[in-house]
Amino acid sequence: FAGLADVSIAEDIPVEGEITIPVGSHSPDEDYSTLDEPVRDTIVRDLKAVGKKFVHVMYPKKSSALLRDWDLWGPLVLCVSLALMLQGGSADSKEDGGPQFAEVFVIIWFGAVVITLNSKLLGGTISFFQSLCVLGYCVLPLTVAMLVCRLVLLAGSGTVSFIIRLIVVVAMFGWSTLASTAFLADSQPPNRKALVVYPIFLFYFVISWMILTFTPQ
Amino acid sequence: GSPPQALVDDTEDVSLDFGSEEELALRKAKIRHPLATFFHLFFRVSAIITYLFCDWFSNSFVACFVTILLLLSFDFWSVKNVTGRLLVGLHWWNQIDEDGKSHWVFEARRVPTRAASTEAEARIFWLGLIICPVIWTVFFFSTLFSLKLKWLALVIAGISLQAANLYGYIYCKLGGHKSTSRATSGFFVTADVPKRQARRTAEDHTEERGKTGTR
């Protein structure tokens, strides 16, 4: 390779050219494999998205995750766990609080649908499912409150326990309402914000009331 | 006359090697995605069976309710995200663009891939998709008239979830070639779901290649 030792490029000749790399030209076989990605991957990805949204609810600031990549898994899980905790928890029997369970379910979902319809009728720009998603995820603080209440009730059900439960429920109610209005009120024209916030307030108030007045059999 | 041997030689088939044994078997198989086909039917049928025979499984209303609800949710997710793509090459989803406007996108894959679905799979897919919502509608009326109203919420949830998938896929099938679906998949700018974007870009290119006829 001695002859190549003095191969050099003059300084003043610009060396340039084009390299084209085909981007996005997946062959059909590769296409098949990305569509057929192991279902485990899809599940893990969706679970991570749900987890991210839970975190965003606890620290409410305007984030696109809750609004744009909406999903209803979180609300489903929260609704089911809240409904489970709100029923007597007695042993299996024919009359084991069946109607109460379905009631909680219907209240939460029907209430969320009504609020969404209300905000759309008032001219909101947010879409139907986005609004359901936000309202559902913001039930998280109240679910935590329910858990705390049940634990406190295990210890006793006197005045002290009532005061503790009251404080916890009021705090979580405030948190839920603030979190959801942080996401939802922005999509409304400024003079209508109160009209949108009021039903949300009522919705979480009803849920908080159910939590506070819960007494195990 | 001409010897019959020559005639036989002219008309004799020459076997060409089309590919490995595996590919041949894949192409011949009636069902190329056995797992997807199984799961497509498994969740729906289990939900219906659990609803019908919940008294045998458990005395608790709550346990049955939660089980059926979870089965219905898993069924909705798997039919929407997995089995539709694999069995019939259709996909529908909702996407929200920069302005916060929501678009429903319906896509139908036109270029058949190496392991495209067979007719048997497509038939199973559509039968399963159509028959189950009809059954849940029958349940709705039977619940209403027998006044077992505590089940009504569940039946309504079942009908909504299954009808949503049915509507989405029928819309894909009928309108998948419309220009709107291709135009909106071009809008896709979300940076935080790169995998989904790559998948859609791949589908987009597959469609476009099919359109121009190049390989």
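These exercises work through surface and aromatic features of a predicted model.

**Exercise 1.** Which residues form the nonpolar patch on the surface, and which helix gives the largest share?

*Solution.* Start with the members: V45(B), I49(B), L52(B), F53(B), W56(B) and F57(B). Together they have about 650 Å² of accessible area. Next, assign helices. α3 (34-52) and α4 (54-57) of chain B each supply at least two residues. The largest share, 3 residues, comes from α3(B).

**Exercise 2.** Classify W56(B) and T50(B): buried or exposed?

*Solution.* Take W56(B), in helix α4 of chain B. Its relative accessibility is 71%. Exposed means over 50%, so W56(B) counts as exposed. Now take T50(B), in helix α3 of chain B. Its relative accessible area is 9%. The limit for buried is under 20%, so T50(B) is buried. Leaving out residues up to four places away in sequence, T50(B) touches F57(B), I68(B) and L71(B).

**Exercise 3.** What geometry does the pair F54(A) and Y137(A) have, and where do the two residues lie?

*Solution.* The whole structure holds 33 aromatic pairs over all chains. For F54(A) and Y137(A), the ring centres are 5.2 Å apart and the planes meet at 70°. Planes over 60 degrees apart count as edge-to-face, so this pair is edge-to-face. F54(A) lies in helix α2 and Y137(A) in helix α6 of chain A, 83 residues apart. Finish with accessibility. F54(A) is partly exposed at 22%. Y137(A) is buried at 0%.

Notes
Residues are numbered from 1 along each chain as its sequence is written. Chains are lettered from A and ligands numbered from 1 in the order in which they are written. This is a predicted model: local features need pLDDT of at least 70, side-chain atom pairs count only at pLDDT 80 or more; totals for chains, interfaces and linings use all residues. Side-chain values use heavy atoms; hydrogens and water are left out. Patches are made of residues with over 30% relative accessible area and no salt bridge: like charges are joined within 9 Å, nonpolar side chains (Val, Leu, Ile, Met, Phe, Trp, Tyr) within 5 Å. Accessible areas come from the Shrake-Rupley method with a 1.4 Å probe; for residues, only the protein chains shown count as cover. A salt bridge is a side-chain nitrogen of Lys or Arg within 4 Å of a carboxyl oxygen of Asp or Glu. Helices (H or I, at least four residues) and strands (E, at least two) are DSSP runs, numbered from the N terminus. Buried means under 20% relative accessible area, exposed over 50%, partly exposed in between (1.4 Å probe, protein chains only). Contact means heavy atoms within 4.5 Å. Rings of Phe, Tyr and Trp (its six-membered ring) pair if their centres lie within 6.5 Å; planes under 30 degrees apart count as stacked, over 60 as edge-to-face and the rest as tilted.
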